[in-house]
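Have the structure open as you read.

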Amino acid sequence: MKRRRTTLLALTTLLAATLTALPAGSAQAEEVEQVKNGTFDTTTAPWWTTGNVTAALTDGRLCAEIPGGTANRWDAAVGQNDITLVKGESYRFSFSASGVPQGKVLRAIVGLQVAPYDTYFEVSPQLNVSGDRYSYTFTSPVDTAQGQVGFQVGGNADPFTFCMDDVSLLGGVPPEVYEPDTGPRVRVNQVAYLPAGPKNATLVTEATAKLPWELKSASGSVVARGSTRPRGVDASSGQNVHSIDFGSYRKRGTGFTLVVDGETSRPFDIDPSAYRRLRLDSLKYYYTQRSGIAVRDELRPGYGRAAGHLNAAPNKGDDDVPCQPGVCDYTLDVTGGWYDAGDHGKYVVNGGISTWEVLSTYERSLYARTGRTHKLGDGSLDIPESGNRIPDLLDEVRWELDFLLRMQVPQGKPLAGMAHHKIHDEQWTGLPLMPADDPQKRELHPPSTAATLNLAATAAQAARLYRPFDRAYAAKNLAAARTAWEAARAHPEMYASESDGTGGGTYADNNVADEFYWAAAQLYLTTGEKKYADFVLGSPVHTADIFGPVGFDWARTAAAGRLDLALVPNRLPGRDKVRQSVIKGADRYLATLQDHPYGMPYAPDKNLYDWGSNHQILNNAVVIASAYDLTGASKYREGALQSMDYLFGRNALNISYVTGYGEVNARNQHSRWYAHQLDPAQPNPPVGTLAGGANSGIQDPFAQGKLQGCVGQFCYIDDIQSWSTNEHTINWNAALARMASFVADQT
């Protein structure tokens, strides 16, 4: 998403020091120690501590008395400043550390000592559990003479003693070679294939001739046989692969395996029930993302937590949020909504595309030949609103819609009717951090044309879908949509700043022709008014080829208008051409899928996988599924179904990217409150949470230290520190929910 950094907050008692100059030229060739006095032979200088920590020499170690009753890791810390880092150079960060009593969690970081306190590497071992000596290798993403090595040991109810020794940050070391465990060379959808659907797998092998395969039941009986199809070297993984097609086997069962080339795949089912569960699990994700409400443990066992950002200390809260200095002279109540991802920010642009896609999941159920509206009905999601005779999906989305409406500039104020782009913390916070424990000041950021059009589009869509259940609420949304539309027309070039990325992502977008098209389309679909139809028909986006290889997302929203114009009943002149454009886009994605040895509708230029590639694969599958809804042609149904295989294990890493689905699945997504990897008291992400997936940019330091030179599919690591490959977001799960619902409807 190209939008966020993971950072630290270090509130320190610092020793003054003179900054040293950066070394000239490229990365250092020789190993050079950056830490001063890491062995504590005679003194603790130049190490500092926070004001609540007392440190002294004990048996040649630095030992510190850490107070209890602190909320965050950085509330108690020991560190050293003025560390020189060279961009592109590899460093070995090593230290010995222990605690009494045992089992406390340490957050060790290498980062920036001044605002915005960026973190370049961090790790959070549990002391005394796996030995006392730790060593890690990472690559610096920056040049700086203001680096910091920090050991953060707060966040404990009770006091303890922390000791450390042999601290080293050695530059010039060779980068660590990372070899992911990819398991058996037979790559399958580890979750399930539909009995009446395609069944494909990929074999990694050096063989160039076809090979025999066997499909075995859970008891070990051979139930089908065939031969592989050699495919040569797959450019997206660098592997020599074969394809396996066992679609002719249609009997239901669990625990099947494929055996070929001396390898046995991970087990899988041939049964539709997993997708019925996933439809609901992927939507239940949103309840635990809610801001401004306590999450009830009886509804989500293990995920109960206090309400976040309701002005209860230490929160500054969201019910009277000021603007950034110089932006406005008022405060807004912007409580509610969904936290965007693994941080505590809330963004109108990403909230908009997420709201549209979840609402479209419901809207498809109204009109598609295989739609089953009752499966998304009241009581289906086990949320606080269940039982009110309104479909739970609509109740859940209303939590976000209400927030989006609150982000609109009030009447009588400058830029009235526009929408503020985002609201988040003044500075970045570290991990882990529960929403209720966030101490940062919250700020509204300037209104933008993109945010305003996101509000117009989603509120207009909401107006038609909520009308049967709450006419007053529908009218409120339509009025807000009309106001936002007119405000955007009056201010068509107010763009979010690319540099406004402290404390939250930028979500900057300097081309809003697609947002104008999307908003006009939604207003037309809801009102039928000629002025909106005229805008749609006159927009160059209307006839543009919008179904490119990468697909649609928050910054490319034309498809959100085109798909609904094709799928939602309306009388737009020339609508048949709109429908044909969707079918043409689906044909392109289907051809990509058929050419791809891993069977996915995604082949970016030069195999450079984009941020959040998993949701782009899903959104391309949405286009294929839409072509099935438009035509009923089985090839589109089969293509949409096969697109799911990659997400569930038919990929180079042999991992399911959805938490809780598949024998080996992603479960360490970057998050401040699903942070079990860092804090055993916290849970992993909820079942049904999608990881971002392979990202050739590997923007975070952790991934850079492991994945330098990675090829396509291999640019991913299931670690909480890898925010560029392994975050979760509301828009990524929206794509998962939409496709899971489509697949469930085919059973």
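How are α1 and α13 oriented to each other, roughly parallel or roughly antiparallel? They are roughly antiparallel, a label for angles over 145 degrees. This is a predicted model, where local features need pLDDT of at least 70, side-chain atom pairs count only at pLDDT 80 or more, and totals for chains, interfaces and linings use all residues. Numbering starts from 1 along each chain as its sequence is written, and side-chain values use heavy atoms, leaving out hydrogens and water.

**The helix pair**
- The axes (lines fitted to C-alpha atoms over the stretch in contact) of α1 (residues 273-284) and α13 (residues 730-744) come within 8 Å and cross at roughly 155 degrees.
- In the contact (heavy atoms within 4.5 Å), α1 residues including Tyr275 and Leu278 meet α13 residues, among them Leu736 and Ala740.
- Sorted by type, the contact residues are 8 nonpolar, 3 polar and 2 charged.

**Strand β6**
- Strand β6 (residues 90-100, with strands being DSSP E runs of at least two) has 9 of its 11 residues buried, meaning under 20% relative accessible area with a 1.4 Å probe, protein chains only.
- β6 runs antiparallel to β9 (residues 133-139), joined by 7 bridges; tyrosine 91 has phenylalanine 138 as its bridge partner there.
- β6 also runs antiparallel to β11 (residues 160-171), with 9 bridges, and alanine 97 is partnered with methionine 164.

**A three-stranded sheet**
- An open antiparallel sheet has the order β24-β26-β27; strands pair if DSSP finds at least two bridges between them.
- β24 (346-347) and β27 (442-444) are the edge strands.
- β26 (residues 422-425) meets β27 over 3 bridges, with histidine 424 partnering glutamate 443.

Key:
Buried < 20%, exposed > 50% of the residue type's maximum accessible area, 1.4 Å probe, protein only. Helix = DSSP H or I, 4+ residues; strand = E, 2+ residues; numbered from the N terminus. Axes fitted to C-alpha atoms, helices over the stretch in contact; angles between N-to-C directions. Parallel < 35°, antiparallel > 145°, perpendicular 65-115°, else oblique. Nonpolar A, V, L, I, M, F, W, Y, C, P; charged D, E, K, R; others polar.
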